[in-house]
Amino acid sequence: CQYSPGLQVSHPDGKTGVVLVGDAVHAFPPDIGQGINAGLGDVEALDRALQGKDVITGKDNPTKPSNLAEALTKYENDRGPEIKALIRLSRCAAPYQYSQPLYKDRIGKFFWSTNVALRLLLNKISLGLFAQPCVMRLMDKQVTYRKLVRQADITTFALWLCALAALWKLGW
């Protein structure tokens with residue numbers, strides 16, 4: 001997965017500009033099925049920005065862009081972090097979907113699967129206090145990729161705190 005940090009360039013007069021969407025901004029391996037989805041999401045976000053709507057939700061925005069440069073900057077500022085989060089998710093959501101021949105990959109797959117199972121178990125026994133594993137929520141249109149990554153990071157932090165507390169309690 002690759003990412004281009006700049007999504008647009010506008011002329012100083014605000015009347016013309018160039019914007020990147022789809023594989024020009026981000027490239028995914030074809031087997032995870034996110035390339036066309038992300039590209040269509042880019043086009044939808046660009047359309048919303050050009051209409052003066054909220055890029056993420058599509059709701060009307062009280063402040064409309066006064067020119068093309070403002071709309072493209074809004075697209076870049078709102079869509080860029082979403083793309084970064086999606087690339088991060090695609091790198092960690094299913095890295096071991098195929099059986100790999102290397103021993104280190106088999107160990108990685110075991111730990112990845114254990115991590116997903118632990119997060120799912122924590123979600124169930126905590127009655128939703130811990131978020132479900134991201135890989136199970138990727139298709140939820142009500143949750144942004146940024147929110148998924150943030151929830152995963154919070155869960156990871158909580159798990160580290162629990163592990164440190166257990167080690168401290170054991171006297172390590």
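Guide: This model is predicted, and across the protein the pLDDT averages 85, with 90% of the residues scoring at least 70.

Visitor: Which elements of the protein have the lowest and the highest mean pLDDT?

Guide: The lowest mean pLDDT, 58, belongs to strand β1 (residues 2-3), while the highest, 91, belongs to strand β3 (residues 17-19). Where pLDDT is low, the predicted coordinates should not be read in detail.

Visitor: What makes the pair arginine 79 and aspartate 42 a salt bridge?

Guide: A side-chain nitrogen of Lys or Arg has to come within 4 Å of a carboxyl oxygen of Asp or Glu. In this pair the side chains of arginine 79 and aspartate 42 meet at 2.7 Å, N to O, so the pair meets the cut-off. Arginine 79 sits in helix α2 and aspartate 42 in helix α1, 37 residues apart, and the pair thus links distant parts of the chain. Both arginine 79 and aspartate 42 are buried, and the structure holds 5 salt bridges.

Visitor: Why does aspartate 78 count as buried?

Guide: The word buried is kept for residues under 20% relative accessible area; aspartate 78 has 16%, and therefore it counts as buried. Aspartate 78 has its place in helix α2, and, leaving aside neighbours within four places in sequence, it is in contact with Val55, Ile56 and Arg146. From aspartate 78 to glutamine 51 there are 27 residues in sequence and 14 Å in space, C-alpha to C-alpha.

Visitor: What makes arginine 146 and glutamate 82 a salt bridge, and which parts of the protein does the pair tie together?

Guide: The side chains of arginine 146 and glutamate 82 meet at 2.8 Å, N to O, which is within the 4 Å that the name requires, so they form a salt bridge. Because arginine 146 lies in helix α4 and glutamate 82 in helix α2, the pair ties together parts that are 64 residues apart in sequence. Glutamate 82 is buried, with a relative accessible area of 4%, whereas arginine 146, at 29%, counts as partly exposed.

Visitor: How do you know that cysteine 162 is too far from the closest cysteine sulfur for a bond?

Guide: A disulfide needs two cysteine sulfur atoms within 2.5 Å. The closest cysteine sulfur to that of cysteine 162 is in cysteine 134, 18 Å away, and this is therefore too far for a bond. The structure holds 0 disulfides. Cysteine 162 is partly exposed, with a relative accessible area of 47%, while cysteine 134 counts as buried at 14% relative accessibility.

Visitor: How many residues does the largest nonpolar core have, and which of them have the most contacts inside it?

Guide: The largest nonpolar core has 22 residues, and those with the most contacts inside it are Tyr75, Leu89, Tyr145 and Leu148. Two or more residues come from each of α1 (35-51), α2 (68-93) and α4 (145-170), and the largest share, 7 residues, is given by α2. In soluble globular proteins, nonpolar side chains tend to be buried together. Leucine 148, not counting residues up to four places away in sequence, touches Leu89, Cys134, Arg137, Leu138 and Val143.

Conventions. Residues are numbered from 1 along each chain as its sequence is written. This is a predicted model: local features need pLDDT of at least 70, side-chain atom pairs count only at pLDDT 80 or more; totals for chains, interfaces and linings use all residues. Side-chain values use heavy atoms; hydrogens and water are left out. A nonpolar core is a set of buried Ala, Val, Leu, Ile, Met, Phe, Trp, Tyr and Cys residues joined through side-chain atoms within 4.5 Å. Buried means under 20% relative accessible area, exposed over 50%, partly exposed in between (1.4 Å probe, protein chains only). Helices (H or I, at least four residues) and strands (E, at least two) are DSSP runs, numbered from the N terminus. Contact means heavy atoms within 4.5 Å. pLDDT is the predictor's confidence in each residue, from 0 to 100.
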